[in-house]
Amino acid sequence: MAPNHQNKLRIKLKAYNSEQLNTSCSNIIETVNRTGAISVGPIPLPTHRTIYCVLRSPHVDKDSREHFELRTHKRLIDIYEPSSQTIDALMKLNLSPGVDIEVKL
């Protein structure tokens with residue numbers, strides 16, 4: 001299990017494309033390990049599905065509908081004992097534009 005330290009940095013990542021999300025997670029873990037901090041993860045969180053129902057025809061055939069689905073993939077990374085060098089490296093890291101990042105101390 002993870003060591004119980006006081007200094008902890010929690011990074012939440014969200015994306016519609018799971019491949020971009022996985023490459024971003026591997027880039028973050030690579031930079032954290034290179035600076036000497038301890039990383040735990042990526043922990044996959046449940047995928048959120050949003051389903052939209054749209055009429056196929058604007059005037060007739062109200063029973064004929066199409067369903068579209070939008071999936072939001074999420075990952076969680078914990079970083080224990082981050083140094084100032086670790087935080088600077090994470091700030092300079094260039095990630096994919098489709099990945100949303102949320103950082104908590």
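Predicted model: local features only at pLDDT ≥ 70, side-chain atom pairs only at ≥ 80, totals over all residues.
Residues are numbered from 1 along each chain as its sequence is written, and side-chain values use heavy atoms, with hydrogens and water left out.

**Stop 1: Arg 10 and Asp 78**

Select Arg 10, which sits in strand E1 (helices, H or I with at least four residues, and strands, E with at least two, are DSSP runs numbered from the N terminus). Asp 78 belongs to strand E3 and Arg 10 to strand E1 (residues 8–15), so the bridge ties together parts that are 68 residues apart in sequence.

Asp 78 is buried, at 6% relative accessible area, whereas Arg 10 is partly exposed at 31%. For those words, buried means under 20% relative accessible area, exposed over 50%, and partly exposed in between (1.4 Å probe, protein chains only).

Stay on Arg 10 and show what surrounds it. Setting aside residues up to four places away in sequence, Arg 10 touches Leu 76, Ile 77, Asp 78, Glu 102, Val 103 and Lys 104 (contact means heavy atoms within 4.5 Å). Draw a C-alpha distance from Arg 10 to Glu 102: they are 92 residues apart in sequence and 8.2 Å apart in space.

**Stop 2**

Next, Asp 100, in strand E4 (residues 99–104). Beyond its neighbours within four places in sequence, Asp 100 is in contact with Lys 12, Leu 13 and Lys 14. Asp 100 is partly exposed, with a relative accessible area of 45%. Its C-alpha atom is separated by 9.5 Å from that of Lys 74, 26 residues away along the chain.

**Stop 3**

Select Arg 49, Glu 69 and Arg 71, which are linked in a network of salt bridges. Within it, Glu 69 and Arg 49 meet at 3.0 Å, N to O. That pair links distant parts of the chain, with Glu 69 in strand E3 and Arg 49 in strand E2, 20 residues apart. Both ends are partly exposed: Glu 69 at 38% relative accessibility and Arg 49 at 47%. How many salt bridges does the rule give? The count comes to four.

**Stop 2: the nonpolar patch**

Now colour Tyr 16, Tyr 52, Val 54, Phe 68 and Leu 70. Together they form a nonpolar patch on the surface, with about 500 Å² of accessible area. Strands E2 (38–55) and E3 (65–80) are the elements that give two or more residues to the patch. Patches are made of residues with over 30% relative accessible area and no salt bridge: like charges are joined within 9 Å, nonpolar side chains (Val, Leu, Ile, Met, Phe, Trp, Tyr) within 5 Å. Areas come from the Shrake-Rupley method with a 1.4 Å probe; for residues, only the protein chains shown count as cover. Click on Tyr 52 in strand E2: at 46% relative accessibility, this tyrosine is partly exposed.

**Stop 3: backbone and helix**

Go to Pro 42, also in strand E2. The peptide bond from Gly 41 to Pro 42 is cis, with omega near 5°. Then jump to Glu 81, in the loop between E3 and helix H2 (84–91), where phi is near 55°, a positive value in a residue other than glycine.

Is Ser 24 buried or exposed? Buried, at 1% relative accessibility. Leaving out residues up to four places away in sequence, Ser 24 touches Leu 95, Ser 96 and Val 99.

How values were computed:
Salt bridge = Lys/Arg side-chain N within 4 Å of Asp/Glu carboxyl O.
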